[in-house]
Amino acid sequence: MINKLVIENLKHRPIRTFLSVLVIGLQVTMVLTLVGLGRGMLDDQKTRAKGIGADLLIRAPGSSAIGLSTNFNSKILPFVQKQPHVRIATGALVQGIGGLNSITGLDLDSFTKLSGGFHFRSGGPFTGADQVIIDEYYANEHKLKLGDPLKILNRDWKVVGIFAPGMLARVVVPLDVLQDLTANTGKLTAIYAKLDNPALTNQVIGALKEKLKEYPIYSMEEWVSLFSVSNVPAFTQFLGVIIGIGVLVGFLVVFLSMYTAVLERTREIGVLKALGASPLYIVNILMRETALLGVIGSILGILMTYGTRWIIDALVPGSLTQAIVPDWWPIASGIALAGALLGAVYPGLKAARQDAIEALSYE
Amino acid sequence: MSSPPMISAAKLKKIYRVGDIEVAALRGVDLEIGRGEFVAIVGPSGSGKSTLFHILGGLTPPSSGSVSIGGTDLSKMTDAERTNMRKTMVGFVFQKYNLLPTLTARGNIEIARNIAGQNGALDPQFEEILKLLGLTSRLSHKPRAMSGGEQQRVAIARAIVNHPALLLADEPTGNLDTENSNAVLGILQDLNRRLGQTILMITHNPEAAAFADRTVTMRDGRIVGDLPV
């Protein structure tokens, strides 16, 4: 019976109910989209890192697993190449170009030997200093086609190839050109190596670590396993801030919504009290209404994350990738529900404390 | 040996504080109402009728004196005990019907049962009462789709669904035209005569009071007349 009253009460004020549900939903979407973006972009990086087909990776001393590394002397590359079981090694220089995008310099010969090369959708590899190849996502997002000019790092490049995504980088130029352009002559950001027998990866890493003591050396398996949002610097704090804002907004909206509902229903609450309803009974009604708003809002919020993914895929496929994160659905919903229930506490207490006689004479 | 009275009030006083001023709404009321009586309480505004109604209904405690309903002493009860008492001991009918607007007629009746801790279908005997009230075909309507007379009949059904010892009606015909007033008063009379329901009705209207068996007149917080009709 209480449930019937709860549902009828919510139906009685459809706009108020809709707005409350929408705000709770937005809050859930905000959290899920943020987590989804973090994870989606890392998954994308993982795919691209794995796409090279390397067995191990060497980064600059002192660099963390994720984020742009510092650069190191490229003289290490021939040294790595000479190690037992290393079939081929190639170096890459990565330079940020604003936002989340970066440009990668590659030595196409060794890279192709290691990875099997780019799969070109159109055009082909660069043959000159001012040429750039890009992946399909980047091309779509920036509406680029073969022969188009592309200005990066204050230099005009010409798009000569568009390749299938999933191959280390989105924007690739000749390694030596990028080294000179960014004052990184003779420097590399990472070295990728393929072994003649992948089963020996750990053994080779062990031997390399003896010789290159300060360099972080990962097997590709190990490296991509470090791609989790908790390893992204400041992501957790940022997520915390977003969750905090979400809870606050949900709290305030439900607070106002339930507060007006209680004022509006003063007389009805008086009637329920005259019929013998205890304060707990009244609070129970409001809490159930709030919980229902929270549940519907959460479902809406989850559905809306499919919408945000669609928008991101349509507008900025090259920069952002959003994953759907079902393991976060209960967390985001729980947070939204907690904020909403918190918002209903004061209105609930106000309703419970209402004097029946005064409430019945309320006009 | 006569059975104990349904309502027994002695030296009942109620003093309200309005700011620094004390207002005596009841100045010593002695009243006994027997089981199965239909009593009208009449009197001008400010005579203390409503205050007596609220005390007898357990909505507010008296300042002093004693009051019991069906042998239960109300004057020493806590708020929670009075709330609990209201579930089954008294039923209210108000001038403005006071139905919950979001529920149907049946929902309004069922919520009163739910509050009293009963769920499930209405018993067949009560379905008969709904027929007597002429509500059978209106149960799925919400208050806004019902006339004042119909709403008041739903309110009466809600008030008696838990078989209260006492039915309290506060100006039950105050918002109704003559025809609907007579219908509602006729129903109250019927409930009293057929089911032995004890009823205490507050009214301004002498014609309404004429439906009762006994009229108690109040003035300035005291009972000044007590006559059988």
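Predicted model: local features only at pLDDT ≥ 70, side-chain atom pairs only at ≥ 80, totals over all residues.
Helix α2 spans residues 14-51 of chain A, and helix α9 spans residues 235-264. Their axes lie 9 Å apart. The packing angle is about 175°. Angles over 145 degrees count as roughly antiparallel, and α2(A) and α9(A) are therefore roughly antiparallel to each other.

Chain A also touches chain B. The contact draws 20 residues from chain A and 21 residues from chain B. On the chain A side, the elements giving two or more residues are α1 (2-12), α10 (266-274) and α13 (356-360). Helix α1(A) gives the most, with six residues. This side of chain A divides into 12 nonpolar, four polar and four charged residues.

In chain B, B:T198 is found in strand β8, which covers residues 198-203. B:T198 has 25 C-beta neighbours inside 10 Å. The threshold for a buried residue is 20 or more, so B:T198 counts as buried. Leaving aside neighbours within four places in sequence, the contacts of B:T198 are B:M6, B:I33, B:R35, B:G36, B:E37, B:A165, B:L166 and B:L167. One of these, B:A165, stands 33 residues from B:T198 along the chain. The C-alpha atoms of B:A165 and B:T198 are separated by 6.7 Å.

How values were computed
Residues numbered from 1 in each chain as written. Chains lettered and ligands numbered in written order. Contact = placed C-beta atoms within 7 Å. Helix = DSSP H or I, 4+ residues; strand = E, 2+ residues; numbered from the N terminus. Nonpolar A, V, L, I, M, F, W, Y, C, P; charged D, E, K, R; others polar. Axes fitted to C-alpha atoms, helices over the stretch in contact; angles between N-to-C directions. Parallel < 35°, antiparallel > 145°, perpendicular 65-115°, else oblique. Buried ≥ 20, exposed ≤ 12 C-beta atoms within 10 Å, placed from the backbone.
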